[in-house]
Each structure stands twice: as C-alpha cells, then as structure tokens.
Amino acid sequence: MSHSPDLKGSSFTLSVLHLSDNDIEKTVHFLKEKVEQAPTFFASAPVVINISKVDGDIDFQALKNGIADAGMIPVGVTGCKDKRTQNLASDASFAIMSASKSPNQAPAKMAPTKIVRSPVRSGQQVYAKDCDLVVLNHVSEGAEVIADGSIHIHGTLRGRAIAGASGNQDAVIICNKLNAELMSIAGHYWLTEQFAEEFWQQKVIFSLSDDSLKFELLTI
C-alpha cells in the first residue's frame, strides 16, 4: 500500500462573483452585505470572479484583499479577454480558470436517487453527489441539503436547499412548505427576503430559466 500523496481530479461547489465594472469598493460592499445576510452560507466560502463583462483594467490585488476582508476566500478569475489580463490576475496570485467545457465531454452519469427518511436537523448537511435528493421529512432551520441533481422535500423547508450544485441548470427544488433561509440552483441563489409573499409557506417548485430564478405554486 502506497503512502505517497496522490493528485486526482474532482469537482466542488464554488460561488461565482460576476463583475459588471472595475469598482472594487462597490464590489466589496456588496460581498460584505451578502456575508452578513447569510454568514453560515457565505462566510469563508471560496469564490471565483467572472470578469467577462468588465471594460478596463482591474486592480486584482485590491480585489483579492477586499474579498478576503469581506470574509470570503478568493480562488480564481475567469472570463479574461486577453493574455495581459491573465498575467495581471496571476501576479495577484489568482488562479486562471475557464468556465467552458469540452464539446466532446460527456455529461456526468447520474447515480440512483438518494432518499432521506429522517428529519434533517439544524447543523446537519446532506449531500447527494451526482444524483437527485428526496427528503421524506422536514429540513430544519440551520440545516443544509445539497444535490447535484434536483431536490424534493416532502415536509417543511426551513433551512437551505442547493440544487444543481455541479452546474446542472435544469435542476429544480420542490418543497411541501416554503420557509427557507436560502435556495440555490447552479450557483444562482435567493435569500428569504427575495421570496414573494404569495409563495411563503406554500407548496412550490423553484427553477432556473435563462439565468433567472422563479417560484411556481403547486396545487397537486
């Protein structure tokens, strides 16, 4: 049995910060607000910065320091338009990342649905890797359910639900009663205050279409 280190490919859920301009102060203020709103979700969270829509130079060192000061962990930059921008980001010790996938890359093979029969209690995290997640009970405040596929909750959702964690934009979240702290699909998320009152404590389906999140009432 070998005891030497090994290096393998893997995938992790990362938050992606999409910048519209090079105003670092505004960006840092935005991140600090998000961390204050949902510290258990965003505090010490790794973040990738997408700069594809930014015109002009970016002070990458100030951006990196600001992200860290906000309480998140800067990981890398994606969306660089030229080699010069890549070099500036690299000089600030950002990893240069690409969001594109090979056109020949096969989609991940989905595993059988993960079924959880007991309540998901505060402080617990349940992750359904490469599959859908079905919870036949409640998800308590402070609990977190995550799936690379869709999530179906047959009780009340009081905690956080994160579907499409590996980037599947077709994933959905269905819950029997909406009382959630946060809901997310493929990196897009809404906090409690973004839920329209008409959906609160109702049976809903939460989905993503054209980069926009939406709720629909379920009457069946």
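Strand E15, which covers residues 212-217, is where Leu-213 lies. The model described here is predicted. Leu-213 has a relative accessible area of 11%, and because the cut-off for buried is under 20%, this residue counts as buried.

Apart from neighbours within four places in sequence, Leu-213 is in contact with Ile-185, His-188, Tyr-189, Trp-190, Phe-206, Ser-207 and Leu-208. For one of these residues, Tyr-189, the separation from Leu-213 is 24 residues in sequence, while their C-alpha atoms are 7.7 Å apart in space.

## The five-stranded sheet

Five strands make up an open sheet in the order E6-E8-E10-E12-E13, and their pairing is mixed. Strand E6 (125-128) and strand E13 (188-191) are the edge strands. Each has a single partner strand, so one side of each is left without a neighbour in the sheet. From one strand to the next, the twist averages 10°.

Strand E8 spans residues 144-147 and strand E10 spans residues 160-163; the two run parallel and are joined by three bridges. Ile-146 has Ile-162 of E10 standing opposite.

## The two ends of helix H4

Helix H4 consists of residues 83-91. At its start, Asp-82 places a side-chain oxygen within 3.3 Å of the backbone nitrogen of Arg-84.

How values were computed. Residues numbered from 1 in each chain as written. Predicted model: local features only at pLDDT ≥ 70, side-chain atom pairs only at ≥ 80, totals over all residues. Heavy atoms only, no water. Pairing = 2+ DSSP bridges. Helix = DSSP H or I, 4+ residues; strand = E, 2+ residues; numbered from the N terminus. Axes fitted to C-alpha atoms, helices over the stretch in contact; angles between N-to-C directions. Buried < 20%, exposed > 50% of the residue type's maximum accessible area, 1.4 Å probe, protein only. Contact = heavy atoms within 4.5 Å. Polar contact = N/O pair within 3.5 Å; in protein donor to acceptor, adjacent residues only side chain to side chain.
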